[in-house]
Amino acid sequence: SGVANTLIYIAGAAAVIALIGGGLLYVTSTGDSARIKQAKETIMFAVIGIVVTLLAYAIVNFVIARI
């Protein structure tokens with residue numbers, strides 16, 4: 001439980017950092033369409049990472065509660 005939750009927290013933190021990085025890339029893109037596309041993809045994958053991390057947290061805690 002402790003190891004799984006620690007890994008989930010690390011993955012969540014990495015996804016939040018990627019989300020911030022994507023936002024910064026979007027803000028500093030200065031109209032460059034390639035950088036805007038890259039920023040949008042980074043933000044999309046970061047949000048997917050956050051959702052997956054939250055689901056993993058819920059599943060792990062649900063399973064541990066049943067044991």
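**Close-up views of a predicted model**

**Figure 1. K37 counts as exposed, at 53% relative accessibility.** The model shown here and in the other views is predicted. K37 forms a salt bridge with E41. The closest N and O atoms of K37 and E41 are 3.5 Å apart, and the pair counts as a salt bridge because the cut-off is 4 Å. Both K37 and E41 belong to helix α2, which covers residues 33-66. They are four residues apart, about one turn of the helix. E41 has a relative accessible area of 34% and is partly exposed, whereas K37 is exposed. How many salt bridges does the count come to? The count comes to one.

**Figure 2. Helices α1 and α2 pack with their axes 8 Å apart.** Helix α1 consists of residues 2-27. The angle between α1 and α2 is about 160°. Angles over 145 degrees count as roughly antiparallel, and α1 and α2 are therefore roughly antiparallel to each other. The crossing in which α1 passes α2 is left-handed. Which kinds of residue make up the contact of α1 with α2? The residues of this contact divide into 19 nonpolar, nine polar and two charged.

**Figure 3. Y9 and Y57 form an aromatic pair.** The count of aromatic pairs comes to one. A pair of aromatic rings is described by the distance of the centres and the angle of the planes. For Y9 and Y57, the distance is 6.0 Å centre to centre, and the planes are 40° apart. Y9 lies in helix α1 and Y57 in helix α2. They are 48 residues apart, and the pair links distant parts of the chain. Y9 is exposed, at a relative accessible area of 52%, while Y57 is partly exposed, at 33%.

**Figure 4. A11 is a residue of helix α1.** How far apart in space are A11 and A46? From C-alpha to C-alpha, A11 and A46 are 10 Å apart. In sequence, 35 residues separate A11 and A46. Is A11 buried, partly exposed or exposed? A11 is partly exposed, with 36% relative accessible area.

**Figure 5. T30 sits in the loop between α1 and α2.** The phi angle of T30 is near 50°. This is a positive value in a residue other than glycine. T30 has a relative accessible area of 72%. T30 counts as exposed because the cut-off for that class is over 50%.

**Figure 6. I67 is found in the segment after α2.** At 83% relative accessibility, I67 is exposed. I67 and A39 are 28 residues apart in sequence. In space, the C-alpha atoms of I67 and A39 are 42 Å apart.

Notes. Residues are numbered from 1 along each chain as its sequence is written. This is a predicted model: local features need pLDDT of at least 70, side-chain atom pairs count only at pLDDT 80 or more; totals for chains, interfaces and linings use all residues. Side-chain values use heavy atoms; hydrogens and water are left out. A salt bridge is a side-chain nitrogen of Lys or Arg within 4 Å of a carboxyl oxygen of Asp or Glu. Helices (H or I, at least four residues) and strands (E, at least two) are DSSP runs, numbered from the N terminus. Buried means under 20% relative accessible area, exposed over 50%, partly exposed in between (1.4 Å probe, protein chains only). Axes are lines fitted to C-alpha atoms, for helices over the stretch in contact, and angles run from 0 to 180 degrees between N-to-C directions. Angles under 35 degrees count as roughly parallel, over 145 as roughly antiparallel, 65 to 115 as roughly perpendicular and the rest as oblique. A crossing is left-handed if the near helix is turned anticlockwise from the far one by less than a right angle, and right-handed if clockwise. Ala, Val, Leu, Ile, Met, Phe, Trp, Tyr, Cys and Pro count as nonpolar, Asp, Glu, Lys and Arg as charged, and the others, Gly among them, as polar. Rings of Phe, Tyr and Trp (its six-membered ring) pair if their centres lie within 6.5 Å; planes under 30 degrees apart count as stacked, over 60 as edge-to-face and the rest as tilted.
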